[in-house]
Amino acid sequence: MLINELSKRTGITAHTIRFYEKSGLIKGKRYENVKSNNYYHYDEDTVEKLELIRDAKSVGFTIHEISQLIDAWYNNKMTVTEKLSILDEKLLSIEQRIKQLKEIKKLISHFKKDVLTDNC
């Protein structure tokens with residue numbers, strides 16, 4: 001399939017798909033026997049990878065983290081234990097970020113109170 005169909009199937013823009021390709025997360029193929037255009041073609045594996053990338057980004061993985069994991073994850077280079085360890089690390093990171101955000105919220109609320117009581 002071409003990039004427009006891939007975009008429609010995954011809900012990811014063609015621009016973002018090209019970015020992922022330049023980042024090495026996915027790879028399109030050119031048909032050597034077609035000389036009339038330079039179009040990249042994508043297969044079902046690419047659809048699955050894009051869905052994994054989208055899902056990983058939605059739960060907080062960075063592009064850098066995804067690029068480090070995707071090959072090992074897809075080529076079964078990681079054991080279930082290793083995969084679980086990565087997910088546990090991400091959960092811990094998210095918990096720490098939530099704690100930080102709560103502290104920031106508390107501090108901003110304090111500042112707001114100071115402004116309202118004219119203590120600043």
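Predicted model: local features only at pLDDT ≥ 70, side-chain atom pairs only at ≥ 80, totals over all residues.
Partly exposed means a relative accessible area between the 20% limit for buried and the 50% limit for exposed.

**Stop one: Lys29 and Asp43.** Select Lys29 and Asp43, whose side chains meet in a salt bridge with N to O at 3.0 Å. The pair links distant parts of the chain, 14 residues apart, with Lys29 and Asp43 both in the loop between α2 (14–22) and α3. Lys29 has 47% relative accessibility, so this residue counts as partly exposed. Asp43, at 28%, also counts as partly exposed.

**Stop two: Arg9 and Glu44.** Next, select Arg9 and Glu44, which form a salt bridge whose closest N and O atoms are 2.7 Å apart. Arg9 sits in helix α1 (residues 3–10) and Glu44 in helix α3 (residues 44–58), so the pair ties together parts that are 35 residues apart in sequence. Color by accessibility here: Arg9 is partly exposed at 41%, and Glu44 is partly exposed at 43%.

**Stop three: Lys90 and Glu65.** Now go to Lys90 and Glu65, a salt bridge with its closest N and O atoms 3.1 Å apart. Lys90 belongs to helix α5 (residues 80–116) and Glu65 to helix α4 (residues 63–74); the two are 25 residues apart and link distant parts of the chain. Is Lys90 buried or exposed? Lys90 is buried, with a relative accessible area of 11%. Glu65, at 26% relative accessibility, counts as partly exposed.

Notes: Residues numbered from 1 in each chain as written. Heavy atoms only, no water. Salt bridge = Lys/Arg side-chain N within 4 Å of Asp/Glu carboxyl O. Helix = DSSP H or I, 4+ residues; strand = E, 2+ residues; numbered from the N terminus. Buried < 20%, exposed > 50% of the residue type's maximum accessible area, 1.4 Å probe, protein only.
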